Amino acid sequence: MEKDKNIRVGISIGDLNGIGSEIILKTFEDSRMLEFCTPVIFASIKTMSFFKKHFNSSINFHGINHLNQIVDGKINVLNVWKENVSINFGEEDVEIGAYSVKSLETATAALISEDIDVLVTAPIHKHNIQSESFKFPGHTNYLAEKLGGKSLMFMVTETLKVGLLTDHVPLKDASAQITAALISEKIDTVYTSLIEDFAIERPKIAILGINPHAGDNGVIGTEDDSILKPELEKLRNKGKLVYGPYAADSFFGSKNYKNFDAIIAAYHDQGLIPFKTISFGHGVNFTAGLNKIRTSPDHGTAFEIAGKGEADHGSFKAAVFMAMDIFKTRTNYKIYSKNPLKKRQKKI
Ligand SMILES: NC(=O)C1=CN([C@@H]2O[C@H](COP(=O)(O)OP(=O)(O)OC[C@H]3O[C@@H](n4cnc5c(N)ncnc54)[C@H](O)[C@@H]3O)[C@@H](O)[C@H]2O)C=CC1
Ligand SMILES: NCC(=O)COP(=O)(O)O
């Protein structure tokens with residue numbers, strides 16, 4: 001197993017007019033971070049120097065033009081662009097959004113080529129990233145296309161983990177997308193991630209109902225009875241500890257969520273509202289199910305506070321540590337599952 005400090009953490013810069021730069025600077029101003037990892041920021045040394053000056057930061061960067069120039073123990077900045085960029089904090093600007101895409105694309109290529117071990121993404125602005133060549137609603141959907149595996153939006157802290165059946169889809173389309181095959185795929189991804197990424201031996205998973213009160217036996221929609229329940233029954237018969245569907249409205253207030261290793265919500269806001277209410281400031285958005293590791297903070301560009309020095313970097317820092325933890329747990333899982341302990345033969 002490699003030492004922590006050798007884990008190369010690639011960081012895409014996000015929307016330059018948002019709070020991404022501030023939370024990155026605040027995280028790595030603590031020089032102890034370099035004892036745990038080697039950060040590689042995908043941006044440009046000119047742009048990062050602008051941020052350093054703006055935020056009056058004492059941080060030191062190591063500018064590089066090629067990934068083979070990464071130096072451990074330094075905060076590496078790869079020059080993804082060379083030109084000066086005009087940054088106006090808090091402004092929605094599609095030209096600025098294009099830089100977040102350049103950063104993300106270069107960082108993703110580095111993740112695929114294994115020049116970095118994990119990717120931590122600073123927040124992008126979903127409207128500003130749209131172009132003829134980039135039509136994804138978010139990182140999760142982009143990475144699902146670029147990397148191997150089946151992606152799952154998994155919002156995680158040490159004590160609360162919420163996965164989604166559907167993520168960036170309009171509410172009017174969400175229900176139609178929930179098929180037996182999707183339920184089975186997403187539960188499987190959560191189950192595997194809990195074992196391989198979080199070292200939980202026998203995961204216990206709860207599923208929230210699709211309709212209000214999980215349909216109340218067909219009074220308020222039939223999908224819970226016709227699609228969700230039979231699928232859960234099948235998985236239970238295969239030995240998986242999956243329970244539900246639970247009425248979503250009271251599930252978190254009643255603290256029932258504490259009885260499970262993970263909860264699966266039917267759609268974005270059903271899962272993210274309770275998650276962010278409980279974990280804002282330290283929650284992490286992990287793209288599970290892929291062959292590479294990507295995390296991000298649980299918040300967006302926060303334009304209204306950008307450039308003001310008010311951004312809380314807790315969630316970004318948690319995303320860095322979570323990515324490294326998952327990297328180590330996954331690496332260990334691969335090692336142990338390749339060489340399982342031999343079962344002792346019974347003497348007859
Ligand atoms: N991973 C990503 O790239 C994400 C991107 N977004 C995108 O960000 C943009 C803005 O989204 P919003 O819905 O406004 O959510 P937001 O998370 O940017 O802001 C919501 C509220 O939380 C506050 N806030 C957020 N982060 C904070 C921090 N670190 N410290 C202190 N206060 C903080 C903001 O000031 C605002 O009041 C949208 O385009 C959205 O799609 C949203 C979530 C994640
Ligand atoms: N609600 C999470 C979010 O908007 C971030 O999405 P992604 O960029 O991680 O796909």
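Which ligand 2 atom is 3.2 Å from an N or O atom in the side chain of H168? An oxygen atom of ligand 2 lies at that distance, and the points below set this contact in its surroundings.

1. Basis of the note. This is a predicted model, in which local features need pLDDT of at least 70 and side-chain atom pairs count only at pLDDT 80 or more, while totals for chains, interfaces and linings use all residues. Residues are numbered from 1 along each chain as its sequence is written, chains are lettered from A and ligands numbered from 1 in the order in which they are written, and side-chain values use heavy atoms, with hydrogens and water left out.

2. Domains. The domain assignment of the protein chain, whose bounds come from an automatic or database domain assignment, gives domain 1 (1-148 + 291-313) and domain 2 (152-286). Taken over C-alpha atoms, the centres of domain 1 and domain 2 are separated by 30 Å. The contact (heavy atoms within 4.5 Å) takes 13 residues from domain 1 and 13 residues from domain 2.

3. Buried area between the domains. Domain 1 and domain 2 bury about 970 Å² between them, with 50% of it on carbon and sulfur atoms; buried area here is the accessible area (1.4 Å probe) that two parts lose on being put together, summed over both. T140, R294 and D298 supply 51% of the area that domain 1 buries against domain 2, which is more than any other three residues.

4. The shell around ligand 2. Counting a residue as near if one of its heavy atoms lies within 4 Å of the molecule, ligand 2 is surrounded by K126, G138, H139, T140, M153, H168, H268, L272, N285 and R294. The shell draws at least three residues from each of domain 1 and domain 2, and its residues divide into 2 nonpolar, 6 polar and 2 charged (Ala, Val, Leu, Ile, Met, Phe, Trp, Tyr, Cys and Pro count as nonpolar, Asp, Glu, Lys and Arg as charged, and the others, Gly among them, as polar).

5. For polar contacts with a ligand, the pair consists of N or O atoms within 3.5 Å.

6. Ligand 1. Ligand 1 is surrounded by 17 residues, of which the closest are I124, G300, A302, E304 and D312; the shell divides into 7 nonpolar, 6 polar and 4 charged. Oxygen atoms of ligand 1 are 3.1 Å from an N or O atom in the side chain of K126 and 3.1 Å from one in the side chain of E304, whereas a nitrogen atom of ligand 1 is 3.3 Å from an N or O atom in the side chain of H299. Taken alone, ligand 1 exposes 810 Å², and the protein buries 67% of that.

Key
Polar contact = N/O pair within 3.5 Å; in protein donor to acceptor, adjacent residues only side chain to side chain. Areas by Shrake-Rupley, 256 points an atom, 1.4 Å probe, with all protein chains shown as cover.
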